[in-house]
Amino acid sequence: SMIVNVPSTQSPLMRVVPGDPDNSYLLLKMQNRHLEVSGSGSKMPIFPGGYGAGVLTAKPDEIELIRTWIVAGALDN
């Protein structure tokens, strides 16, 4: 996978750390907590521009699904 154990370009954290959701930058971005860890940019997901840019947010169940995947080891299956 291109996100597991890969350094973030926006923060000192890895994009996804298997088993460690609180240090997985992808999840922090989805939770809009990325600025707490010296991150940058907008929360995810976002529209690439135009109407709605920066305002689309992940649904709580979608965030929980990603969190559960990370806790389980971020397996590529």
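Me: I have read that a residue is buried when its relative accessible area is under 20%, and exposed when that area is over 50%. Is alanine 74 buried or exposed?

Reply: This is a predicted model, and the values below are computed from it. Alanine 74 has a relative accessible area of 7%, and because the cut-off is under 20%, alanine 74 is buried. Alanine 74 lies in the segment after α2.

Me: Which residues is alanine 74 in contact with, leaving aside its neighbours within four places in sequence?

Reply: Alanine 74 is in contact with Val4, Val16, Pro18 and Trp69, once neighbours within four places in sequence are left aside. Alanine 74 and asparagine 5 are 69 residues apart along the chain, while their C-alpha atoms are separated by 9.8 Å.

Me: How many helices and strands does the chain have?

Reply: The chain has two helices and zero strands. Serine 24 sits in the segment before α1, which covers 25-30. The other helix, α2, covers 60-71.

Me: What percentage of the residues count as buried?

Reply: Of the 77 residues of the chain, 26% count as buried. The chain exposes about 5000 Å², and carbon and sulfur atoms supply 59% of that area.

Me: Which residues make up the largest nonpolar core?

Reply: In soluble globular proteins, nonpolar side chains tend to be buried together. Here the largest nonpolar core has nine residues: Val4, Val16, Leu26, Leu27, Met30, Ala58, Ile63, Ile70 and Ala74. α1 and α2 each supply at least two residues of this core. α1 gives the most to this core, with three residues.

Me: What does leucine 27 touch?

Reply: Not counting residues up to four places away in sequence, leucine 27 touches Pro21, Ile63, Ile66, Arg67 and Ile70.

Me: Where is leucine 28, and is leucine 28 buried or exposed?

Reply: Leucine 28 is in helix α1. At 1% relative accessibility, leucine 28 counts as buried. Neighbours within four places in sequence aside, leucine 28 is in contact with Leu13, Asp22, Arg33, His34 and Val37. Leucine 28 and isoleucine 63 are 35 residues apart in sequence, and their C-alpha atoms are 9.6 Å apart in space.

Me: What does the side chain of serine 11 reach?

Reply: The side chain of serine 11 reaches the backbone nitrogen of leucine 13 at 3.0 Å. Serine 11 is in the segment before α1 and is buried, with a relative accessible area of 11%. With residues up to four places away in sequence not counted, serine 11 touches Tyr25, Val37, Ser38 and Gly39.

Me: How many salt bridges are found in the whole structure?

Reply: Side chains of opposite charge can pair when their charged atoms come close. A search of the whole structure finds two salt bridges. One joins the side chains of arginine 33 and aspartate 22, at 3.9 Å from N to O. This pair links distant parts of the chain: aspartate 22 is in the segment before α1, and arginine 33, eleven residues apart from it, is in the loop between α1 and α2.

Me: What does arginine 33 form with glutamate 36?

Reply: Arginine 33 forms a salt bridge with glutamate 36, and the closest N and O atoms are 3.6 Å apart. Salt bridges that share partners join Asp22, Arg33 and Glu36 into one network.

Me: Which accessibility values do these three have?

Reply: Arginine 33 counts as partly exposed at 28% relative accessibility. Aspartate 22 also counts as partly exposed, at 47%. Glutamate 36 counts as exposed because its relative accessibility is 60% and the cut-off is over 50%.

Methods. Residues numbered from 1 in each chain as written. Predicted model: local features only at pLDDT ≥ 70, side-chain atom pairs only at ≥ 80, totals over all residues. Heavy atoms only, no water. Helix = DSSP H or I, 4+ residues; strand = E, 2+ residues; numbered from the N terminus. Buried < 20%, exposed > 50% of the residue type's maximum accessible area, 1.4 Å probe, protein only. Areas by Shrake-Rupley, 256 points an atom, 1.4 Å probe, with all protein chains shown as cover. Core = buried A, V, L, I, M, F, W, Y, C linked by side-chain atoms within 4.5 Å. Contact = heavy atoms within 4.5 Å. Salt bridge = Lys/Arg side-chain N within 4 Å of Asp/Glu carboxyl O. Polar contact = N/O pair within 3.5 Å; in protein donor to acceptor, adjacent residues only side chain to side chain.
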